[in-house]
Amino acid sequence: MHMAAWNTANNKILYADETITDKQIEARDKSIEDAIESPILGFVFNTETVKNEISNLNNVMSQYLDGLNTGTLDPTVAVPEMNKKLETAGFSKVQKEMQKQYDAFMAEAK
């Protein structure tokens with residue numbers, strides 16, 4: 001079974017193929033060490049006030065996702081139609097609520 005690093009969350013326990021050099025492993029470890037932590041880590045969107053809108057958005061997406069992913073829908077027609085339905089379903093309300101919560105999270109993090 002193949003397990004990528006993101007599956008295990010620990011690069012050091014992964015099997016290293018013989019083509020991987022010590023220099024490559026050192027470069028990987030240095031890259032991980034120097035990585036900058038995202039400021040959004042820890043943010044969790046509370047959906048309580050927009051539960052109905054999220055349900056409506058999921059319903060709209062279920063109408064279009066498979067067709068767009070498989071190419072059975074013409075994206076030049078389907079995407080604008082989908083976006084219009086998403087807006088009617090409450091996309092802007094969810095986006096505003098998420099932005100409000102994110103702004104409060106970032107203000108508190110300072």
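This is a predicted model: local features need pLDDT of at least 70, side-chain atom pairs count only at pLDDT 80 or more; totals for chains, interfaces and linings use all residues.
Reader: Okay, at what angle do H3 and H5 cross?

Author: Roughly 125°, with the axes of H3 (residues 51-70) and H5 (residues 91-109) coming within 9 Å. H3 and H5 are therefore oblique to each other.

Reader: And is that crossing left-handed or right-handed?

Author: The crossing of H3 and H5 is left-handed.

Reader: Which residues meet there?

Author: On the H3 side you've got Glu53, Ile54 and Leu57, and they meet Phe91, Lys93 and Val94 of H5. Sorted by class, that contact has 4 nonpolar and 2 charged residues, with no polar ones.

Reader: What about H3 and H4, how do they cross?

Author: H4 covers residues 75-89, and its axis comes within 9 Å of the H3 axis, crossing at roughly 170°. That angle is over 145, so H3 is roughly antiparallel to H4.

Reader: Which residues make that contact?

Author: From H3, they include Glu53, Leu57, Val60 and Tyr64, and from H4, Pro75, Val79, Met82 and Leu86 are among them. The contact of H3 with H4 has 11 nonpolar, 2 polar and 3 charged residues.

Reader: Switching topic: how much space lies in the largest pocket?

Author: About 180 Å³.

Reader: What lines it?

Author: The largest pocket is lined by Asn11, Lys12, Leu14, Tyr15, Ala16, Ile20, Gln24, Ile25 and Arg28.

Reader: How does that lining divide into nonpolar, polar and charged?

Author: The pocket lining has 5 nonpolar residues, 2 polar and 2 charged.

Methods
Residues are numbered from 1 along each chain as its sequence is written. Side-chain values use heavy atoms; hydrogens and water are left out. Axes are lines fitted to C-alpha atoms, for helices over the stretch in contact, and angles run from 0 to 180 degrees between N-to-C directions. Helices (H or I, at least four residues) and strands (E, at least two) are DSSP runs, numbered from the N terminus. Angles under 35 degrees count as roughly parallel, over 145 as roughly antiparallel, 65 to 115 as roughly perpendicular and the rest as oblique. A crossing is left-handed if the near helix is turned anticlockwise from the far one by less than a right angle, and right-handed if clockwise. Contact means heavy atoms within 4.5 Å. Ala, Val, Leu, Ile, Met, Phe, Trp, Tyr, Cys and Pro count as nonpolar, Asp, Glu, Lys and Arg as charged, and the others, Gly among them, as polar. On a 1 Å grid over the protein atoms alone, a cavity is a set of points where a 1.4 Å probe fits but cannot get out, and a pocket is an open set with protein on both sides within 12 Å along at least five of seven lines; lining residues have an atom within 4 Å of a point. Grid points are joined across faces, edges and corners, and a volume is the space filled by probe spheres set on the points.
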